[in-house]
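Reader: I am new to this structure. Please walk me through the terms as we go.

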Amino acid sequence: MIYRSKAPLRIGLAGGGTDVSPYCDLYGGAILNATISLYAYATIEPLDEPKIIIEAVDRGEMVSYNLSASLPVDGTLDLAKGAYNHIVNNYGPVPSGFKLSTLVDAPAGSGLGSSSTLMVAIIGVFTEWMNLPLGEYDIAHTAYNIERVELAMAGGKQDQYAATFGGVNFMEFYNDNKVIVNPLRIKQEYLYELENNLLLYFTATSRLSSTIIEAQSQNVKDKNKESIEAMHNLKEQALMMKEAVLKGNIHEIGAILDFGFTHKKQMAKGITNNAMDEIYEAAKKAGATGGKISGAGGGGFMMFYCPANTRYSVKKALESFGGSFSPFQFTQHGLVSWHI
């Protein structure tokens, strides 16, 4: 028997960063995001011998251990090892030795939530193999807890919930790790138009998001007025975006994204840089009405809203910057798992 899972990556449309503690604990956060047709995959193949093999196919990394109750968290494939340690510690020993293989359609540091989505896929495949009693909120919270608490990786809460639930969601974040996922019922023609007008551009660089997120969190702890006010505005942006997509005011989305881009840069140093500002200005000059940096910033993907078929002139304008474009569709489903 082979056990598999896959979970979708996401693009954040508004409110990014307000899901990070301590801001969301003190003020409450709000984000609107949507899952797209890029995925993280996980496969478990049970073995007849008492061994654990973990392979990241896309990264060309593999480790092997004798079957034990705990694996060393030492900087190599720690997401998978952290998930295994949590599963064994909370649900008992695995049925046998196994090989865990993973693959992600976007690189780490891309800004599409790839690390957290991979964690969700790994938990999903263990849940399928061991028939664990975990619902959607359980899986998302477990993924968050392993990453942010047990492995002490800096970051927010949205990615784990987006990957688990899928679709277009307005998410609310409060203290005590309370998260409310509100699926949005958006008319299909609005989604088609949004999909048609959005351009996803990879800047050919990745970044360590934890550094930026730690600076953002420290700004809140230090009561940095400019940074906190920027986060308030991004929370307001999430409400503006929610109303626009529900009512079909798609023509407003570029301006709402531009509003968010302006304020996101004020949250912490390193969110943008000269190269990214040049890309953004070139896209706007070519016809984009707004855009955003995906994820924490500093590199990875950028997204632009290109109305009236301006996506073609925007693509041409960005060719000289050396990045690449990623076609995508919105997806309606989150984490899925199966066995054959």
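Author: Start with the term patch: its members are residues with over 30% relative accessible area and no salt bridge, and nonpolar side chains are joined within 5 Å. Keep in mind that this is a predicted model.

Reader: Which residues form a nonpolar patch on the surface?

Author: Val336, Trp338 and Ile340 do. Together they have about 260 Å² of accessible area.

Reader: Why is Val336 called partly exposed?

Author: Buried means under 20% relative accessible area, and exposed means over 50%. Val336 has 31%, so it is partly exposed. Its place is in strand 12, residues 336-339.

Reader: How many bridges join strand 3 to strand 5?

Author: There are 5, and here the strands run parallel. Strand 5 spans residues 97-104. In strand 5, Ser101 is the bridge partner of Glu55.

Reader: Why are strand 9 and strand 11 called edge strands?

Author: Take the open sheet of 4 strands, in the order 9-10-8-11 with antiparallel pairing. Strand 9 (290-293) and strand 11 (324-325) each pair on one side only, and they are its edge strands. Strand 11 pairs with strand 8 (residues 198-202) over 2 bridges. Ser324 in strand 11 is the bridge partner of Phe202.

Reader: What makes a set of residues a nonpolar core?

Author: The members are buried nonpolar residues, joined through side-chain atoms within 4.5 Å. The largest core here has 74 residues. Ile11, Leu100, Phe126 and Leu198 touch the most other members. Helix 3 (residues 114-130) gives the most to this core, with 10 residues. A second, separate core has 16 residues, including Met276 and Tyr280.

Reader: Which residues is Leu198 in contact with, leaving aside its neighbours within four places in sequence?

Author: Among them are Ile11, Leu13, Leu257, Met303 and Phe330. Arg311 is also one of these contacts.

Key. Residues numbered from 1 in each chain as written. Predicted model: local features only at pLDDT ≥ 70, side-chain atom pairs only at ≥ 80, totals over all residues. Heavy atoms only, no water. Patch = residues over 30% accessible without salt bridge, like charges linked within 9 Å, V, L, I, M, F, W, Y side chains within 5 Å. Areas by Shrake-Rupley, 256 points an atom, 1.4 Å probe, with all protein chains shown as cover. Salt bridge = Lys/Arg side-chain N within 4 Å of Asp/Glu carboxyl O. Buried < 20%, exposed > 50% of the residue type's maximum accessible area, 1.4 Å probe, protein only. Pairing = 2+ DSSP bridges. Contact = heavy atoms within 4.5 Å.
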